[in-house]
Each structure stands twice: as C-alpha cells, then as structure tokens.
Amino acid sequence: MRDTARKIEEKYFSNLATHVEFLPVEWRSKLTLDGDTVDSITPDKVRGLRDMLNSSAMDIMYYTSPLYRDELVKGLQQELNRLYTLFCSRNPEFEEKGGKVSIVSHSLGCVITYDIMTGWNPVRLYEQLLQKEEEELEDRWMSYEEQRLLEELYITKQRLREIEERLHGLKASTVSKPPVLKFKVENFFCMGSPLAVFLALRGIRPGNSGSQDHILPRTICNRLLNIFHPTDPVAYRLEPLILKHYSNISPVQIHWYNTANPLPYEHMKPSFLNPTKEPTSVTDSESVSAVPSPTTSPVMVRRHYGESITNIGKASILGAASIGKGLGGMLFSRFGRSSTTTPQTLETGKDGAEGDDKKATTVGTPPFPHSGSSFLEPAVELEHRIDFELREGLVESRYWSAVTSHTAYWSSLDIALFLLTFMYKHDQEDTDKSNLDAI
C-alpha cells in the first residue's frame, strides 16, 4: 500500500503542501493467545490451506471467545497508541499544525477497531438482556412469595452495584485506566469488512435518519467508508443498517486509478440496484420483440451493478454474433438500453470509470434524488455515502476472485487513489479555491 500510494501521490497530489504517511500496525504477532495449541491439533493434509484458515478465520473465533477477546482488543489498542506517540515524538509539529489521523482496517481488524473506538463490550450487552428479562418478569402475574424474593434480588443487585462502583473508584486512583486512542479519527476506512454482520448480530437495525451516527457517532470518527470487492465473501454492506431501502441502491463505484477527470464521489447520484419490478423504457417499435436488439443496445455503455464486467464482455461478443435468444437474450434483456435515451460517453479509463454511479439512464433505474420520473423517491437519504465498491476486471473469474479478492486490497492502485482522495479532500478544496481566487 505504501508503494502504490506513493505512485498515486506523485501523479495526482504532488502540488499539495501536505503529505500522507502510512504506518503499518502489526499487533497480532505479539499476542500469546493459546500458544501453539491450535497448531498442534491441525492435521497435516492440505497444510497450506489449513494454515491460511488458522491465520485468518481462526482470528474471528478467537475474537468471539470471552477468553481471548480482551487480549485482541488491548493488543491493537496499545499498538495504535504506541505508533501515534512515536510518530508525534519524531514529528513534533504534527499536532501543532492540526495533523489528521485516518485508520485503514482490513477484515476482522475493522470490527476490533470499531469496538475500540466505540467502547463496545459484550458484558454491557449481557446486562441489557438481564434488565429486559427483569422488565418482562414485572409485567406478568406472580405469587406473593415470588414478588418478595424478586424485591430481595433487586435490593441485593443494587447493593452489589454500589460496591462495584466504590471498588472501581479505588482502582482508578491507584491503577491507570486501560489505554484509549490518543487521537481523533478523521476517516475510518474498512476494507473487506464483516463489521455489518457483527453489528446486525448485536441487534443493530435500520433507523429513520440518514446519519452515520446510527452506527458510528461523528464525535468519535468524522467519516466512515466501507470498501469492498463485489466477490469478496467476507465483506458486507453497511448502508442498509442505517436506512433499509439502501439495500436496493447500488454502492458507489470506485474510480479506476487512470480515470481522466473523474466525477467527484459526492456528486454521484444514487441508482436503484434491482429494477425487475419497474417498467423498461423500450419504445413501441422495440416492444414487438421481448428482447432489445444488440445493435440498438450499446451494452458497454450500460454497465449495471450486480453483473460482472466479464459477463458484459460476453454479452458484447454474443451481440456481435447477432445472438438474440438464449443466454444472449437473457444478458441483453438485463443490459438493454432504449434508443430514446441520451447515451453517456464512455472511454476506457475516462468517463467509464465514473459511469456506474452516474448511470442515470439505465433501464428502469432512474436516479432517485433528482429524477424527473414518476417513480417514488425515498423520503430519507444518507448524509454521506458509506459503501464503495471496486470494479471487477474485464477477464476476471468470479470464483477465482472470490478466493483472491479478500487480500488484494493492499496492492490496488484504485484503492490507493480512493484513500488519498479522501485524506487530501480539504487540502485539495483549499488549493482549488486559491487557484480560482488567483484567476
């Protein structure tokens, strides 16, 4: 990531006064956990695959274990603080000049970092469940003896809480509190993150406000960004946990790094993900045929989320061969474009890289915030988009990429540009403003 970011920085951000430094946070190897117990019980056959699972999937099992969870949290927390303190000691002007810190997390690291920032603890959840059970007990009829014992239990619990508070007060005066992050997080980038699943299993449900605060308060972290490859089996979306209808709105497509004049992400218009129940915009002459003709449907212009570019390439080949039925027909019915709509320009590595989220004219998928169509528009929108999706390669196999995509984020030039775009956002705006003033 350091190497790719340096290349991107030299190409696109060399005119800015500030500089982004990437500090790797290696915290896992210092943990003892179970020692070599898991290694000793691992069979020898397909050892390479088993070792890979032990080093990745096993961490999720460790994290869900009450025996090791605190060790994982403290290990990462202490390393984050140690690196920040060391960096500030070597760069004393960093804090004085208002330097900002962003965290780039991968996979389970996103969940652990989230829990560190928010202070989430399963013990607190258990206490809430107990309280709920007590409230349910109060609502039902009970005998005099049950009521008397329950009152006695309440008094005992209250007394226990008072003793615990006094004990914590004494400990706080003699023992230092566990370390918290020594810096405010500006951007929290999650890559290939299962965080949404963890939050869903903790009881987080969509609300009525489009604020990030529903899952991560802005007071803790200014901006949350969830990056994923469409075939990554470990990654999940976060936006539908805030507003439910976003499950039918496509994630923002990340620009290719060699895109010329890309549309800024904040100007991209949301588009619907599943247009199956909405009418197509075929003309009367086209409606005679159930399938739009390949010659009138420039498939590559109409890239639709949910289908790989590999499949679009196949559709183009089928179209060139004038195959309008069978598999070709299915593909073209999905990607067909009306001849009445104004086609968007698409050049390789230019407007095409911003095409997916500019796709204001896909069949049955009008943009909902500024659409002039008769489709109902959701009343609430997200303040900022959170889910950002990488584009699939032209010759990419979905099954193979499902194996490789989860670890490919670090070396991606597209991601390096994406990260730097948001980290340099304010600096770039200031530079553009000063240039305009000069003109």
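Visitor: How many helices and strands are there in the protein?

Guide: This is a predicted model, in which residues are numbered from 1 along each chain as its sequence is written, local features need pLDDT of at least 70, side-chain atom pairs count only at pLDDT 80 or more, and totals for chains, interfaces and linings use all residues. Side-chain values use heavy atoms, with hydrogens and water left out. Helices (H or I, at least four residues) and strands (E, at least two) are DSSP runs, numbered from the N terminus. On that basis, the protein has 17 helices and five strands.

Visitor: What percentage of the 439 residues are buried?

Guide: A residue is called buried when its relative accessible area is under 20%, exposed when it is over 50%, and partly exposed in between, with a 1.4 Å probe and with protein chains only. By that rule, the buried share of the 439 residues is 41%.

Visitor: What percentage of the contacts with a separation of 6 or more joins residues 24 or more positions apart?

Guide: A contact here means that heavy atoms lie within 4.5 Å. Of the contacts in the protein with a separation of 6 or more, the share between residues 24 or more positions apart is 79%.

Visitor: Which residues are included in the second, separate core?

Guide: Tyr63, a member of the largest core, has contacts that include Leu72, Val73, Ile112 and Phe198, leaving aside residues up to four places away in sequence. The second core, which is separate, has 29 residues, including Ile8, Leu16, Phe228 and Leu390.

Visitor: Which elements do the buried residues of α7 pack against?

Guide: Ten of the eleven residues of α7 are buried, and the helix is thus described as mostly covered. Among these buried residues are Cys110, Val111, Ile112, Tyr114 and Met117. They pack against α4, α5, β1, β2, α10 and β3.

Visitor: Which residue of β3 is the bridge partner of Phe189?

Guide: β3 is largely enclosed by the rest of the structure, because seven of its eight residues are buried. Strands count as paired if DSSP finds at least two bridges between them, and β2 and β3, which run parallel, are joined by six. Within this pairing, the partner of Phe189 is Leu225.

Visitor: Which residue of β5 does Phe228 stand opposite?

Guide: β3 also pairs with strand β5 (residues 387-389), in the parallel sense and over three bridges. In β5, the residue opposite Phe228 is Glu389.

Visitor: Which residue's side chain is joined to that of Glu239 by a polar contact of 2.8 Å?

Guide: Glu239 is found in helix α11 (residues 239-242), and it counts as buried because its relative accessibility is 0%. A polar contact is a pair of N or O atoms within 3.5 Å; within protein, one must be able to donate a hydrogen and the other to accept it, and residues adjacent in sequence count only if both atoms are side-chain atoms. The side chain of Glu239 reaches the backbone nitrogen of Asp387 at 3.0 Å. The side-chain partner at 2.8 Å is Arg385.

Visitor: Is Asn261 buried or exposed?

Guide: Most residues other than glycine have a negative phi. Asn261, in the loop between β4 (252-253) and α12 (309-320), has a positive phi of about 50 degrees although it is not a glycine. Ser107, in the loop between β1 and α7, also has a positive phi, of about 55 degrees, and its relative accessible area of 13% makes Ser107 buried. Asn261, because its relative accessibility is 64%, counts as exposed.

Definitions and conventions:
A nonpolar core is a set of buried Ala, Val, Leu, Ile, Met, Phe, Trp, Tyr and Cys residues joined through side-chain atoms within 4.5 Å.
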